[in-house]
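Hi everyone, thanks for coming. Today I'd like to talk through the salt bridges in one protein, so let me put it up on the screen.

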Amino acid sequence: MNIKNFGVIGAGQMGSGIAQVAAASGLNVIMHDITLEYASRGKDNIGKNLLRQLEKGKLTAERMDDILARITPSTDLANMQGVDFVVEAASEKEEIKFELFKRLDEICPTHTILASNTSSIPIGRIGARTGRPDKVIGMHFMNPVPVMQLVEIIKGLATSEETHQTTVELAKKLGKIPAEAGDFPGFIANRILLPMINEAIFCLYQGTGTREAIDTVMKLGMNHPMGPLTLADLIGLDTCLAILETLHYGLGDPKYRPCPLLRLYVESGWLGRKSGRGFYQY
Ligand code: CAA
């Protein structure tokens, strides 16, 4: 399929990152969020990212203008009626995703592929909410999207091979390297990453180390680019909790139980970088 018009649902850190790489690869992008303030803020963040690249001499002003001109913020889901491919990057909450896919299925043309950037919810569960489960697929980008090379691709039981191939080609067009993962909670990336982050939070909770010591051990001792607590703040503590709950419920193993300290932070509104306070202050 020749994809020209691309939709992104959600203009947060993942959605705006996906919109940026899609526009940079020459696609026309509609970036949807529930308020114009959120959608415009997403576009402003893209502008700031591009400006940094411009200042470093990695981008020309013409190229920056072209990328920005390709992105249209939107608050009406009906604007998705002209897109060939949509990536949903709304909050990691099942009810929200199920409702969005039901509505996208009603709005989008029959050829449109509906992808989810879910970090843990099985694709088959999402696809079952639509009349086109063969055209529903997981396309899981990593944060920060413009920098990270990986995209996890997840086929649900009903996803067609044609949908899969189109998605793999699109990931490559966006400059990413696709890796296949099975349709089980957390797929590969978060099945491995989140237990590590959760264990780091347990170390803090039980006084095994300070936040600085825990992060330093993993950064310098394992050569990770960021310590696990810093990374959790980048991902968003609410997202970390939601992923752990999906792993815990979906795999039924107590080893995935979220650390009570993580729950306390989330319930207190300490969500990481995006709220200005998580394990660190921003
Ligand atoms: N958006 C866009 N670009 C960004 C960025 C952002 N949020 N943060 C950094 N960058 C860019 C910088 O502009 C810079 O670009 P250039 O090389 O073109 O100059 C480059 O990234 C490197 O940035 P810095 O020099 O400032 O910092 P760094 O070298 O420490 O790298 C990092 C920053 C890339 C974020 C690095 O620390 C890193 O790789 N961290 C780990 C990230 C990670 O593990 N992500 C996966 C999270 S899990 C996930 O996303 C899945 C999920 O479902 C939860």
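What you see is a predicted model, where local features need pLDDT of at least 70, side-chain atom pairs count only at pLDDT 80 or more, and totals for chains, interfaces and linings use all residues. Residues are numbered from 1 along each chain as its sequence is written, and side-chain values use heavy atoms, with hydrogens and water left out.

How many salt bridges are there? Taking a salt bridge as a side-chain nitrogen of Lys or Arg within 4 Å of a carboxyl oxygen of Asp or Glu, the count is eleven.

One of them pairs Arg132 with Asp105, with 2.7 Å between the closest N and O atoms. Arg132 sits in the loop between helix 5 (123–127) and strand 6 (136–141), while Asp105 belongs to helix 4 (residues 94–107), so this pair ties together parts that are 27 residues apart in sequence. Helices (H or I, at least four residues) and strands (E, at least two) are DSSP runs, numbered from the N terminus.

Is Arg132 buried or exposed? Buried means under 20% relative accessible area, exposed over 50%, and partly exposed in between (1.4 Å probe, protein chains only). Arg132 has 6% relative accessibility, so Arg132 is buried.

Next, Lys155 bridges to Glu161 at 2.9 Å between the closest N and O atoms. Lys155 is partly exposed at 29%, and Glu161 is partly exposed at 41%.

Then there's Arg211 with Glu212, 2.7 Å from N to O. Glu212 is partly exposed at 38%, and Arg211 is partly exposed at 29%.
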